[in-house]
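Welcome to a short tour of a protein chain, written for someone who likes to think in contacts and distances. Have the viewer open and follow along.

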Amino acid sequence: MKREHPDLFRVQRGLTVGNQQFSAIGNRFLLQRPVRLQVQCSRRLTETEIQQQVTFSLSAAAQGAVLVSPSISPGEKAVMRAAFERGFPLIYLQENGFTDLAKPGGQRMEACARGQLLILAPWEHHNERTAISRNQCLSLNDMARMICEQTV
């Protein structure tokens with residue numbers, strides 16, 4: 001996979017979307033798709049409400065939308081996991097950046113090879129294990145919204 005699609009596995013630094021810079025791994029062309037849908041779910045959603053979000057988002061993805069989320073809350077995780085398992089295109093924002101030789105692992109590697117996944121990181125890589133802060137969560141959700149609102 002790495003030989004056939006080397007650009008999908010290299011860390012690209014300084015990718016600018018709107019006024020935000022990211023490091024990226026994966027299919028950068030997903031940013032140019034005409035419909036990008038932010039997945040943001042309250043932590044207070046019930047299981048029924050989460051399932052409704054999953055159904056709505058999968059329907060949108062089946063019609064061509066790229067789902068965009070940092071996948072923080074249980075609802076966001078459920079939506080993104082369901083879409084990932086069905087092979088729909090996703091843009092995932094993560095708090096921890098990439099080392100120069102970073103590569104996606106496991107199923108993410110396969111998704112990158114298929115052009116299904118773009119992973120964006122707005123901040124530098126760090127080795128220490130820290131809990132994501134509320135401000136970081138809010139910032140990542142704002143970035144997801146901005147990505148979806150950008151015109152192609």
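Is Arg-145 buried, partly exposed or exposed? Arg-145 counts as partly exposed, at 31% relative accessibility. Please keep in mind as you read that this is a predicted model.

**Salt bridges**

The structure holds two salt bridges. In one of them, the side chain of Arg-145 meets that of Asp-142, with an N to O distance of 2.7 Å. Because these residues lie three apart in helix H4, about one helical turn separates Asp-142 from Arg-145. Asp-142 is partly exposed too, with a relative accessible area of 43%.

Arg-13 and Asp-100 also meet through their side chains in a salt bridge, at 2.8 Å from N to O. This pair links distant parts of the chain: Arg-13 sits in strand S1 (residues 12-17), while Asp-100 is in the loop between S5 and H3, 87 residues apart. Arg-13 is partly exposed, at 38% relative accessibility, and Asp-100 is exposed, with a relative accessible area of 62%.

Here are the two pairs side by side:

| Salt bridge | N to O distance |
|---|---|
| Arg-13 and Asp-100 | 2.8 Å |
| Asp-142 and Arg-145 | 2.7 Å |

**A buried histidine**

Next, look at the loop between S6 and helix H4 (134-149), where His-126 has its place. With a relative accessible area of 16%, His-126 falls under the 20% limit and is therefore buried. Its side chain makes a polar contact of 2.8 Å with the side chain of Glu-95. The His-126 side chain also reaches the backbone oxygen of Glu-128, at 2.9 Å. Leaving out residues up to four places away in sequence, His-126 touches Glu-95 and Asn-96.

**Nonpolar cores**

Which residues touch the most other members of the largest nonpolar core? They are Val-54, Leu-67, Leu-90, Phe-98 and Leu-117, out of 28 residues in that core. Two or more residues come from each of helix H1 (47-62), helix H2 (74-85), strand S5 (90-93), helix H3 (106-114) and strand S6 (117-121). H2 gives the most, with six residues.

Conventions:
Residues numbered from 1 in each chain as written. Predicted model: local features only at pLDDT ≥ 70, side-chain atom pairs only at ≥ 80, totals over all residues. Heavy atoms only, no water. Core = buried A, V, L, I, M, F, W, Y, C linked by side-chain atoms within 4.5 Å. Buried < 20%, exposed > 50% of the residue type's maximum accessible area, 1.4 Å probe, protein only. Helix = DSSP H or I, 4+ residues; strand = E, 2+ residues; numbered from the N terminus. Polar contact = N/O pair within 3.5 Å; in protein donor to acceptor, adjacent residues only side chain to side chain. Contact = heavy atoms within 4.5 Å. Salt bridge = Lys/Arg side-chain N within 4 Å of Asp/Glu carboxyl O.
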